[in-house]
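Q: Could we go through this model together, one part at a time? I would like to begin with strand pairing.

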Amino acid sequence: MRAGIPLTNECRGNARCSTCRVLVVNGLEFCSPRNEKELALAAQLHFGERVRLACQTTIVGNVTLRRLILDAKDAGLTDQRKATTTHGSVGEERQIAILFVDVRNSTRFADSVPPFDVIHVLRRFYHHMDKAVMNNGGHVACYTGDGLMALFGVEPSKSAPLQAVLAGLDMLRSVKQDVQPYVKRLFQRPFRIGVGAHFGEVVVGMVGGGLQERVTALGDAVNIASRIERANKQARTEFLVSEALLREVKGQVRVGKSLNVKLPGKTGKHALYEVVGIRTARGKQRAGAGPPA
């Protein structure tokens, strides 16, 4: 502040709040190590290494930083002294697995079935999707009307890519065993889904407020995961993953088709792989999605 950089400091520089936090863009090596006070708050609020408390950090060289709290309104919206923050609402770069699932031909289905029945079917569908995500250590980031985005590795985990694969296979299994027969029996309509997953670097943080606060991810990896899910239509598959994700689970999954496709908005072709099941520890194969109906 003496250097003319205004910083919000609700606790007057005593490391009892996080309102003076900054993101160190360049020059982290010129910042002093975290002292005891900053270490305690950083652990409580899940700060990445580049998020520092300005009131506790001294510098010995050129540092480029970005203020994360700009005014009193910001401070109120992002007060991290609350105990509800668990996923780094500041925003943190992380390698995670991103999974998208979407109902095939949902518009046609909605046009042919009464709206109340559509809602009922979607509630049943989301019940199974949520369960598949949570049972495999993931977080539902958002719902898209007829699908959802789930994140694996929000809490650091070396098995995040495999968790995403297991969740995707559980989703397909639940739809085939429960939702598909249910819809066919009541409405004489097919009900299919597509699943796509990718492993890459994103910024993870919390959005929303109060009871609506939810973990989400932003970055190019999210866009790629979404486009991979859509590629199922053209490939006539149900579950596709990127080469980056497959590399992390090599030898643990059963692979069907492999294809090179152009993803909308991306240059060049991308290698995608169809996941059809999981290999067990003894080398036996556990049934998964199977070929498309």
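Q: Which residue in E3 stands opposite Val22?
A: In this predicted model, Val22 stands opposite Arg67 in E3. Strands here are DSSP runs of E of at least two residues, and helices are DSSP runs of H or I of at least four, both numbered from the N terminus.

Q: How many bridges join E1 to E3, and in which sense do they run?
A: Strand E1, residues 21–26, is joined to E3 by four bridges, and the two strands run antiparallel. Two strands pair if DSSP finds at least two bridges between them.

Q: What is the strand order in that sheet?
A: The order is E2-E1-E3, in an open sheet of three strands with antiparallel pairing. Strand E2 (51–53) and strand E3 (64–67) each have a single partner strand, so one side of each is left without a neighbour in the sheet. Neighbouring strands of this sheet are turned by 40° against each other on average, with direction ignored. The axes behind that angle are lines fitted to C-alpha atoms, for helices over the stretch in contact, and angles run from 0 to 180 degrees between N-to-C directions.

Q: Is Cys20 buried or exposed?
A: Cys20 counts as buried because its relative accessibility is 4%. Cys17 also counts as buried, at 3% relative accessibility. Buried means under 20% relative accessible area, exposed over 50%, and partly exposed in between, with a 1.4 Å probe and protein chains only.

Q: New topic: helix H4. What span does it have?
A: Helix H4 (residues 115–135) has 21 residues and reaches 30 Å from its first C-alpha to its last, close to the 30 Å expected at 1.5 Å a residue. The expected span is 1.5 Å times one less than the number of residues. After H4 comes Gly137, whose phi is positive, near 80°.

Q: Which residues of H4 are buried, and what covers them?
A: The buried residues of H4 include Val118, Val121, Leu122, Phe125 and Tyr126, and also His128 and Asp130. Their cover includes helix H3 (106–112), helix H5 (160–187), and strands E4 (92–103), E5 (138–143), E6 (147–152) and E7 (193–207).

Q: Which residues other than glycine have a positive phi?
A: Among them are Asn105, with phi near 55°, and Arg236, with phi of about 55°. Most residues other than glycine have a negative phi, and most peptide bonds are trans. Asn105 is in the loop between E4 and H3 and is partly exposed, with a relative accessible area of 42%. Arg236 lies in the loop between helix H6 (220–235) and E9 and is exposed, at 66%.

Q: Where do the side chains of E9 point?
A: In strand E9 (residues 239–242), Phe239 and Val241 point one way and Leu240 and Ser242 the other way, and all are buried.

Q: Which strands does E9 pair with?
A: E9 pairs with E7 in the parallel sense over three bridges, and Leu240 is the bridge partner of Gly196. E9 also pairs with strand E11 (residues 270–279) in the antiparallel sense over three bridges, with Val241 opposite Tyr273.

Q: Finally, what is the confidence like?
A: The protein chain averages a pLDDT of 85, and 87% of the residues score at least 70; pLDDT is the predictor's confidence in each residue, from 0 to 100. It stays under 50 over residues 80–86 and over residues 289–293. Where pLDDT is low, the predicted coordinates should not be read in detail.

Q: What conventions apply to the numbering and the values?
A: Residues are numbered from 1 along each chain as its sequence is written, and side-chain values use heavy atoms, with hydrogens and water left out. As this is a predicted model, local features need pLDDT of at least 70 and side-chain atom pairs count only at pLDDT 80 or more, whereas totals for chains, interfaces and linings use all residues.

Terms used. Contact means heavy atoms within 4.5 Å.
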